[in-house]
Amino acid sequence: MQPRTSDDGLNPVFCTIVPPHVLDKLSHSGDPRLADPARRTLEADGLRRDRRRLTALAAAPATPTAGAVPSKPHRTLYDCENGTSLPGTKVRGEGDKPTSDASVNRAYAGLGATFDLLLSAYGRSSIDGKGLPLIGSVHYGHEYNNAFFDGEQMVFGDGDGEIFLDFTYAIDVIAHELAHGLTQYTANLRYEGQSGALNESVSDVFGSLVKQYSLGQSAEQADWLIGAGLLAPRVSGDALRSMKAPGTAYDDDVLGKDPQPASMEEYVETEEDNGGVHINSGIPNRAFYLLANALGGNAWERAGQIWFDVLTGGELTADADFAQFARLTVAAAGSRFGERGEKEAVLKAWSEVGVPTAE
């Protein structure tokens, strides 16, 4: 896919947490309880992706323009009632009491946790830095096996109950999808090839950081899994992805084996999934894990700060490859922390996954 850019320069990205190759595998199952929801999800995602392209020239969502930058989130949750019209019926606004719907409350909390991390750790008000209101819709579609960010809002399916459970269960999934918005408003990475894999990886990084921040976990205590809690009991697996050990998140008779590579030696050349954006993201994911683990302590404080500095620094190009991103993290570590151990740890992390850092 060759993304176009809108008038404001934003790449019109439609991002889902469950990769197309997983849904495609399910769609070929001989069990209609597994195949039918997967097919419907693929069709719905295709329609949404096309619609996102067609509306790419629409203006960006309005953001506050007067007064101080908001220091608190502005969340609104909607219920699609298993339909596909967005945003749906409003069910909870900012400051409202919890509802009787657990999906609404989990989504509300996840949006808030993402806002909190960005503001507390990096001084950024919402994903655009100007207090952008955060919108989420739950109960999207019938047995919809995905969650996505469409450039304007978050959307969560209920899952089919056979392979996937409610997509609001995992706070890192909520944060992952919102982080696509963070990338959209900063580096604006194209959603194809290595830049697309970086786009996915950045979302996994900040998704994991939000989970760790909300749980008060150090890098050593974290599980480094993306989507733990989403897989139904019948599935042989722990999560959608593992940042610590890419390629080990699941190994299931129906889903197949996690295809993510852990180093450039295993890099996957494919035309599917926009050049394997959900697959090759395992490489920068592992580099981040190695860095965070080497530095110890809270991953959002030093490792996360380096990644945030690169994302917001203005030097990362929209079509960046792994090597460019790696070089910028080395520079960011030196600029932020000087000639201390952080820079050496960054160099070592990228070296271990086979990504060069020299010009």
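Asn274 is buried, with a relative accessible area of 19%, which falls under the 20% cut-off for that class. The model is predicted. Asn274 is not a glycine, yet has a positive phi of about 55 degrees.

**Backbone geometry**

- Asn274 belongs to helix H6, which spans residues 273–276.
- Trp224 also has a positive phi, of about 60 degrees, although this residue is not a glycine.
- The position of Trp224 is in the loop between helix H5 (193–215) and strand E7 (225–226).
- Trp224 counts as buried because its relative accessibility is 1%, against a cut-off of under 20%.
- Between Leu86 and Pro87 the peptide bond is cis, and omega is near 5 degrees.
- Pro87 sits in the loop that runs between strand E2 (75–79) and strand E3 (89–93).

- Ser208 is a residue of helix H5.
- With a relative accessible area of 1%, Ser208 is buried.
- The side chains of Ser208 and Gln212 are joined by a polar contact of 2.9 Å.
- Which residues does Ser208 contact, leaving aside its neighbours within four places in sequence? These are Asp172, Trp224, Ile226 and Met243.
- Trp224, in this set of contacts, is the residue with the positive phi of about 60 degrees described above.

**Packing of H3 and H4**

- Helix H3 covers residues 102–122 and helix H4 covers residues 171–185.
- The two axes come within 9 Å and cross at roughly 55 degrees.
- The H3 axis is therefore oblique to that of H4, since angles from 65 to 115 degrees would count as roughly perpendicular and those under 35 degrees as roughly parallel.
- The crossing of H3 past H4 is right-handed.
- On the H3 side, the residues that meet H4 are Arg106, Ala107, Gly110, Leu111, Ala113, Thr114 and Leu118.
- Their partners in H4 are Ile171, Ile174, Ala175, Leu178 and Leu182.

**Domain record**

- An unreviewed UniProt entry lists residues 187–355 as "domain: Peptidase M4 C-terminal".
- Over residues 187–355 the chain is 47% helix and 5% strand.
- The end C-alpha atoms of residues 187–355 are 20 Å apart.

Terms used
Residues numbered from 1 in each chain as written. Predicted model: local features only at pLDDT ≥ 70, side-chain atom pairs only at ≥ 80, totals over all residues. Heavy atoms only, no water. Helix = DSSP H or I, 4+ residues; strand = E, 2+ residues; numbered from the N terminus. Buried < 20%, exposed > 50% of the residue type's maximum accessible area, 1.4 Å probe, protein only. Polar contact = N/O pair within 3.5 Å; in protein donor to acceptor, adjacent residues only side chain to side chain. Contact = heavy atoms within 4.5 Å. UniProt positions renumbered as here; feature names shortened; annotations may be inferred. Axes fitted to C-alpha atoms, helices over the stretch in contact; angles between N-to-C directions. Parallel < 35°, antiparallel > 145°, perpendicular 65-115°, else oblique. Left-handed = near helix turned anticlockwise from the far one by under 90°.
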